[in-house]
Amino acid sequence: MMNDLAYAIQRLSNDEFWLYFIGACLAAMASLYFYFRFLWRYRIMQDTPTSLIRSAAQGYNEFEGSAKMLPGEPIIAPLTKLHCVWYQYKVEEKQSHYVRGRSRTSWHLYESGVSDGVFALQGRTGKAIVDPDDAEVVHSVSDSWYGSTPYPSAGPRGFSSRAFAIGRRYRYSEKRIHEGDGLYVLGDFKSFTEVELPSENESLAAILSSWKRDPQALLNRFDENRDGNIDSDEWEKAVLIAKSQLTEASVKQTQARIDNVIEKPSDSRKPFLISTQDEAELTRNFQYKSYASLFLFFALGAAALCLFNVRF
């Protein structure tokens, strides 16, 4: 068998030999690159402790929690029209062409896109906004189906399902993360200052001023002796009620406010990861991928050396 392989290599034309040799070398170098890339992610996840949002230090951290939508305009996946917190989609068109007199069919990119809308990470001790720009995302749901128009008329479970791929001209792919999915996020954590709010005295004055603008309602509410005037004792009681109302509003505002954001690290060497896989599973995947990449590097490198030695 080895003799047959050596004979086949010797019979290759110069163009074919250098094509295979350079291809093997490039693939080996790519494998080595991915080995270090996956190993770096594995190591940095191992060395970064999981933080709580409430007590996290500013800077590079990892967090665990669940995905939540933020109030306002919803994020809607463009192909399935489903509500989600993140999506990535791709539409490919089937094209036919001739190579050396033979008809070949291949898929070419027609349109693609990725969500840049922010969402929230709900942890055990708080909530943080996640800005997914430039993040490596491990999704929870992936759909692929076929249709005859550039934009699907039905979802992946409709009549354009994969089972009816024959004769279809377009292939649709969509990946999503939905609200409630468990999340692991590794990125830069920053606390930001809210827009400056009125001071407590300013807010108290605003409440009392609003009450004074309706004298009859003020009398009905606080004129206990019904003499048609608000005396000092009655006004003091009104101020106490206004302060109590202000405190309740402040507590509700604090509970609803999000003061933190997780985004792409300023240090480009550090990865920005958003994953629906938990830390243990994600770490294990990076470790296995690094092993596989290292194996491919040695295998392809040996193949390139073998090609060169047999030829020369």
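## A pair of strands

Strand 2 (residues 86-99) and strand 8 (residues 170-177) run antiparallel and are joined by eight bridges, where strands are DSSP runs of E with at least two residues, numbered from the N terminus, and two strands count as paired if DSSP finds at least two bridges between them. Within this pairing, V91 stands opposite Y172 in strand 8.

This is a predicted model, in which local features need pLDDT of at least 70 and side-chain atom pairs count only at pLDDT 80 or more, while totals for chains, interfaces and linings use all residues. Residues are numbered from 1 along each chain as its sequence is written, and side-chain values use heavy atoms, with hydrogens and water left out.

## The sheet around them

The two strands belong to an open sheet of four strands, in the order 3-2-8-7, with antiparallel pairing. Strand 3 (102-114) and strand 7 (141-147) each have a single partner strand and stand at the edges, so one side of each is left without a neighbour in the sheet.

## D143 in strand 7

D143, which is found in strand 7, counts as buried at 10% relative accessibility, buried meaning under 20% relative accessible area, exposed over 50% and partly exposed in between, with a 1.4 Å probe and protein chains only. Leaving aside neighbours within four places in sequence, D143 is in contact (heavy atoms within 4.5 Å) with residues including T80, P156 and Y172.

## C306 in helix 6

C306 lies in helix 6 (residues 279-311), a helix being a DSSP run of H or I with at least four residues. C306 is partly exposed, with a relative accessible area of 30%, and the C-alpha atoms of C306 and I9, 297 residues apart along the chain, are separated by 9.7 Å.
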